[in-house]
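Please keep the sequence and the 3D view at hand while reading.

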Amino acid sequence: MGPIGVFDSGYGGLTILSDFRKRLPEYDYLYLGDNARAPYGTRSFDVVYEFTLQAVNELFDRGCELVILACNTASAKALRTIQQNDLPNIDPKKRVLGVIRPSAEIIGQFSKTNNIGVLATPGTVSSDSYPVEIKKFSPQCNVFQHACPLWVTLIESNEHLSHAGKEFILKDVEALMAMKKDIDTIVLGCTHYPVLKGYIESLLPEGVNVVSQGSIVTDSLADYLLRHPWIDSKCTKNGTVSFLTSESTAEFNLNASKYIEGIVNSTHISL
């Protein structure tokens, strides 16, 4: 038995962890941020897979039976390979889940025009994971993607609050909306992006839904644990949360407070 592992390349996964703790507070969580090697969004498939597998193994070694990839890039570039090729050899009873499929399953329900936009990292966009997955559940929907290569760096450096940072964000939002004027639903396809949700909404016409993943992924996790009681029984329930980072713990503790409530005391690890 052990905590639920939550992995992200940096801080964005903390937005998912925050929702987990609000909805499922009884569980124990172990968060791992690979901050020293972030961001993942511009890295190759092979590198993202290698880094993600290292992180997953670290969480397994620390007792996690279930790991959530709270990172769209890792979910897009590494999840399927880890599930199909690595888990059978590591331990076929352990589980690794991602954040793209839960969002894709229901996002079609939000759109009246059947035109959905996706704002994400270059890695997630180039994988075509969102169009492929959304088409499985909502074949009537058209999906338009735009890559935002600077957003994660802007957020983690607090430059998203500056005039120049806001100009970059504005241009990316305008580029997406120029693809199809009838887009009425936009998925924030990176777990960092909820920090920008209010500003993005202010740039859009009235009636356009901006959907962040936290509550969707949390609902999916709750449903998964209900449908898989044998996994649920392996998750410890003491209401605790611990943090690991591959970067400076002082820097992580300070920056994590932007994304999650409470005092953060992290432990440094090497991956």
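Two strands are taken as paired if DSSP finds at least two bridges between them. The model discussed here is predicted, and isoleucine 4 stands in it opposite tyrosine 29 of strand 2.

**The sheet**

- Strand 1 (residues 4–8) and strand 2 (residues 29–33) are joined in the parallel sense over five bridges.
- Six strands form an open sheet in the order 4-3-1-2-9-10, and the pairing is parallel.
- Because strand 4 (95–97) and strand 10 (266–268) stand at the edges with a single partner strand each, one side of each is left without a neighbour in the sheet.
- On average, neighbouring strands of this sheet are turned by 20° against each other, direction ignored.
- Helix 11 (residues 214–227) packs on the sheet, where it touches strand 1, strand 3 (66–69) and strand 4, and the direction of helix 11 makes about 160° with that of strand 3.

**Aromatic pairs**

- The count comes to nine aromatic pairs, one of them the tilted pair of tyrosine 31 and phenylalanine 243, with 6.3 Å centre to centre and 55° between the planes.
- Since tyrosine 31 lies in strand 2 and phenylalanine 243 in strand 9 (residues 241–245), this pair ties together parts that are 212 residues apart in sequence.
- Tyrosine 31 is buried, at a relative accessible area of 0%, and phenylalanine 243 counts as buried at 4%.
- Ring pairs link Tyr11, Tyr31, Phe243, Phe252 and Tyr259 into a cluster.

**Charges over rings**

- Lysine 94 has its charged end over the ring of phenylalanine 60, 5.1 Å from the ring centre.
- The charged end of lysine 166 sits over the ring of tyrosine 199, 5.5 Å from its centre.

Notes
Residues numbered from 1 in each chain as written. Predicted model: local features only at pLDDT ≥ 70, side-chain atom pairs only at ≥ 80, totals over all residues. Heavy atoms only, no water. Helix = DSSP H or I, 4+ residues; strand = E, 2+ residues; numbered from the N terminus. Axes fitted to C-alpha atoms, helices over the stretch in contact; angles between N-to-C directions. Contact = heavy atoms within 4.5 Å. Phe/Tyr/Trp six-rings, centres within 6.5 Å; stacked < 30°, edge-to-face > 60°. Buried < 20%, exposed > 50% of the residue type's maximum accessible area, 1.4 Å probe, protein only. Lys NZ or Arg CZ within 6 Å of the ring centre and 35° of its normal.
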